[in-house]
Amino acid sequence: MTGPEWVPRACTLPTEEQPLRLAEWDALFATQTAAPYRPDALRVRLELPSGPGSEQRARDLVERENGCCSFFDFTVSRTPEGVVLDIAVSEEHEAVLSALAARADRAAAPGGAR
């Protein structure tokens, strides 16, 4: 792994850019309208607000993330309540998803990293 201890070698984002990308994820996580839902070890679901730009912001971030970490499988969906971001990985990258989900959990916790 490179960068933060959980970023895998499969990530092609330059090391010096990784903190900036993590900050973008943290900013997205701070907008969650509910705690992340983890239906199983290989998937996590985030509920985001329906406000202006929320869906586009999520789509832009996941598109850029897929450019360097193609092992993620992202789905962005609009619902009547807001925007849903589903993130899935293969077993090989479960630790990466767990680390990302932990960051989302901390952001969603009362008094969390918001």
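1. Glu65 is buried, its relative accessible area being 7%, where buried means under 20% relative accessible area, exposed over 50% and partly exposed in between, with a 1.4 Å probe and protein chains only. Glu65 lies in helix α2, residues 54–68; helices (H or I, at least four residues) and strands (E, at least two) are DSSP runs numbered from the N terminus. Leaving out residues up to four places away in sequence, Glu65 touches Arg21, Trp25, Phe72 and Phe74, contact being defined as heavy atoms within 4.5 Å.

2. A word on the basis of these values: this is a predicted model, in which local features need pLDDT of at least 70 and side-chain atom pairs count only at pLDDT 80 or more, while totals for chains, interfaces and linings use all residues. Residues are numbered from 1 along each chain as its sequence is written, and side-chain values use heavy atoms, with hydrogens and water left out.

3. Two packed helices are described by the angle between their axes and the distance between the axes. Helix α1 (residues 18–29) packs against helix α3 (residues 94–108) at an angle of about 45°, and their axes are 9 Å apart; here axes are lines fitted to C-alpha atoms, for helices over the stretch in contact, and angles run from 0 to 180 degrees between N-to-C directions. That angle makes α1 oblique to α3, since angles under 35 degrees count as roughly parallel, over 145 as roughly antiparallel, 65 to 115 as roughly perpendicular and the rest as oblique.

4. Which residues meet where α1 and α3 pack? From α1 come Leu22, Trp25, Asp26 and Phe29, and from α3 come Leu100, Arg103, Ala104 and Ala107. The residues of this contact divide into 6 nonpolar, no polar and 2 charged, with Ala, Val, Leu, Ile, Met, Phe, Trp, Tyr, Cys and Pro counted as nonpolar, Asp, Glu, Lys and Arg as charged, and the others, Gly among them, as polar.

5. Pro36 sits in the loop between α1 and β1 (37–40), and at 15% relative accessibility Pro36 counts as buried. Beyond its neighbours within four places in sequence, Pro36 is in contact with Val44, Arg45, Leu46, Ala104, Asp105 and Ala108. Pro36 and Glu47 are 11 residues apart in sequence, and their C-alpha atoms are 7.1 Å apart in space.

6. The structure holds 0 disulfides, a disulfide being a pair of cysteine sulfur atoms within 2.5 Å. The cysteine sulfur closest to that of Cys68 belongs to Cys69 and is 3.8 Å away, too far for a bond. Cys68 counts as buried at 6% relative accessibility, and Cys69 counts as buried at 3%.
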